[in-house]
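Open the model in your viewer and keep the selection tool ready. We will go stop by stop.

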Amino acid sequence: MFKKFFSLMLITIIYSLVSANEPKVIYPFEDSVHEERFLSLLNELRCPKCQGSNLAGSNAPIANDLKREVYRLVKSGRTEEEVKTYLIDRYGNFIVYDPPFRPDTYALWLGPLFIFLITLSIILVILLTRFSNSKGNQ
Amino acid sequence: MKRILNLMPLVVFGILVVVLYSFLTQENEQLESVLVDQLVPEFKLPALENPNNILSKSSVNKLPALINVWATWCIACRVEHPFLMQLKNKSTLTVYGLNYKDDRKKALDLLENEGNPFEFSIFDQQGKLAIDLGVYGAPETFFVDKEGIIRERHVGALTQKVWKEKFEKFLNEDNDV
């Protein structure tokens with residue numbers, strides 16, 4: 001019973017690993033540096049249609065077109081920066097998960113700092129009240 | 001004072017819930033186009049109507065114009081089709097089609113059955129020009145002014161309302177000059 005279960009699990013895992021490596025099959029590279037660059041770009045670039053995922057994790061037609069384009073560019077020897085610039089020129093900063101610093105994104109950029117300052121002041125107030133309390137008790 | 005402080009985490013949590021929930025339901029379908037205020041990109045692609053007719057940027061010469069990205073597999077394109085026909089009949093504006101990742105025969109059949117609002121359609125089966133235009137889903141519509149500069153982009157069906165809000169002003173502007 002257990003053996004059966006484990007062999008089934010093993011098969012499932014092996015198959016999932018095979019499918020995770022799919023890009024290598026569809027996009028063959030002779031140069032391993034290029035291949036690494038291609039795979040890391042797919043992880044860093046965002047799918048413009050399905051906005052929650054990167055190119056690697058998306059199978060939308062536009063994501064596949066962009067993968068092919070990235071493949072073509074990397075294979076022709078472009079650097080990571082050049083590929084990114086190429087896509088930013090067409091799809092905007094959005095595609096590299098790099099939002100611009102503008103009034104409508106202030107909350108995004110400054111929010112964490114704001115929360116940090118609030119937290120810090122809360123901690124300070126708590127510490128100060130404790131400190132003055134213990135002083136008062138002495 | 002201490003009581004208020006004790007309630008703070010709850011208050012912060014409450015605010016976070018409201019803010020994050022409002023972002024969750026907010027549709028963020030409209031991406032700004034970086035192509036706005038830039039020239040129409042160069043291209044070399046066949047015409048939908050005739051594979052031997054190779055079109056380029058200079059073929060898009062009746063300006064101002066709309067470039068409409070469409071396909072037979074795209075449902076919202078059917079929705080906007082009557083409005084494009086209306087534009088063709090009523091206005092002086094030229095509408096160019098960019099037939100996007102489509103089947104030539106299906107596309108031609110559709111135009112024959114439902115009317116052809118386009119001056120011509122560029123046949124972009126690989127989505128080459130579409131990538132240069134930053135297209136991420138059909139339908140998309142670009143307004144090109146008489147200098148050949150893209151002024152506006154709309155993602156989604158082009159309706160009377162969208163036309164009034166986003167595009168009509170450019171037409172008036174062009175007529176004034």
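**Stop 1: a cysteine pair**

Select Cys77(B). It has 7% relative accessibility, so it counts as buried. Keep in mind that this is a predicted model.

Show the side chains. The two cysteines form a disulfide, with their sulfur atoms 2.0 Å apart. A disulfide is a covalent bond between the sulfur atoms of two cysteines. Turn the view to look along the S-S bond of Cys74(B) and Cys77(B). The torsion about it is about 90 degrees, so the disulfide is right-handed. How many disulfides does a search of the whole structure find? One, over all chains.

**Stop 2: the sheet of chain B**

Look for an open sheet of five strands, in the order E5-E4-E3-E6-E7, with mixed pairing. Which strands are at the edges? They are E5 (121-124) and E7 (150-155) of chain B, and each pairs on one side only. Neighbouring strands of this sheet are turned by 15 degrees against each other on average, ignoring direction.

Start from the E5 side. Select residues 94-100 of chain B, which make up strand E4. E4 runs parallel to E5(B), and four bridges join them. To see one pairing, pick Tyr100(B): its bridge partner in E5(B) is Asp124(B).

Go on to residues 65-70 of chain B, strand E3. Five bridges join E3 to E6(B), and these two strands run antiparallel. Pick Leu66(B) here; its bridge partner in E6(B) is Phe143(B).

Keep Phe143(B) selected. On the E7(B) side, its bridge partner is Glu152(B). E6(B) and E7(B) are joined by five bridges and run antiparallel.

**Stop 3: inside strand E6**

Select residues 140-144 of chain B, the whole of strand E6. Are they buried or exposed? Five of the five residues are buried, so the strand is largely enclosed by the rest of the structure.

Show the side chains and look at each face. In a regular strand the side chains alternate between the two faces of the sheet. On one side of E6(B) you find Glu140(B), Phe142(B) and Val144(B). On the other are Thr141(B) and Phe143(B). Both faces are covered, and all of these residues are buried.

Now follow the chain into the hairpin of E6(B) and E7(B). Five residues lie between the strands. Stop at Gly148(B), which takes a positive phi near 85 degrees.

**Stop 4**

Most residues other than glycine have a negative phi, and most peptide bonds are trans. The next selections depart from that pattern.

Take the peptide bonds to begin with.

- Select Leu63(B) and Pro64(B). The peptide bond between them is cis, with omega near 0 degrees. Pro64(B) is in the loop between strand E2 (54-56) and E3 of chain B.
- Select Ala138(B) and Pro139(B). This peptide bond is cis as well, with omega near -5 degrees. Pro139(B) sits in the loop between helix H4 (128-132) and E6 of chain B.

Then turn to phi.

- Select Asp37(B). Its phi is near 75 degrees, a positive value in a residue other than glycine. Find it in the loop between H1 and strand E1 (44-46) of chain B. Asp37(B) is exposed, with a relative accessible area of 57%.
- Select Lys101(B). Its phi is positive, about 45 degrees, although it is not a glycine. Lys101(B) lies in the loop between E4 and helix H3 (104-114) of chain B. At 22% relative accessibility, this lysine counts as partly exposed.

**Stop 5: across chain B**

Select Leu7(B), in helix H1 (residues 2-25) of chain B. Leu7(B) is partly exposed, with a relative accessible area of 49%.

**Stop 6: chain A**

Finally, colour chain A by element. Which kinds of element does chain A have? Six helices and zero strands.

Next, colour chain A by domain. Domain 1 covers 24-98 and domain 2 covers 101-138. Their C-alpha centres lie 41 Å apart.

Last, show the surface. Chain A has an accessible surface of about 9600 Å², and 66% of it belongs to carbon and sulfur atoms. Of its 138 residues, 28% are buried.

Note on methods:
Residues numbered from 1 in each chain as written. Chains lettered and ligands numbered in written order. Predicted model: local features only at pLDDT ≥ 70, side-chain atom pairs only at ≥ 80, totals over all residues. Heavy atoms only, no water. Domains from an automatic or database assignment. Buried < 20%, exposed > 50% of the residue type's maximum accessible area, 1.4 Å probe, protein only. Areas by Shrake-Rupley, 256 points an atom, 1.4 Å probe, with all protein chains shown as cover. Pairing = 2+ DSSP bridges. Axes fitted to C-alpha atoms, helices over the stretch in contact; angles between N-to-C directions. Disulfide = S-S within 2.5 Å.
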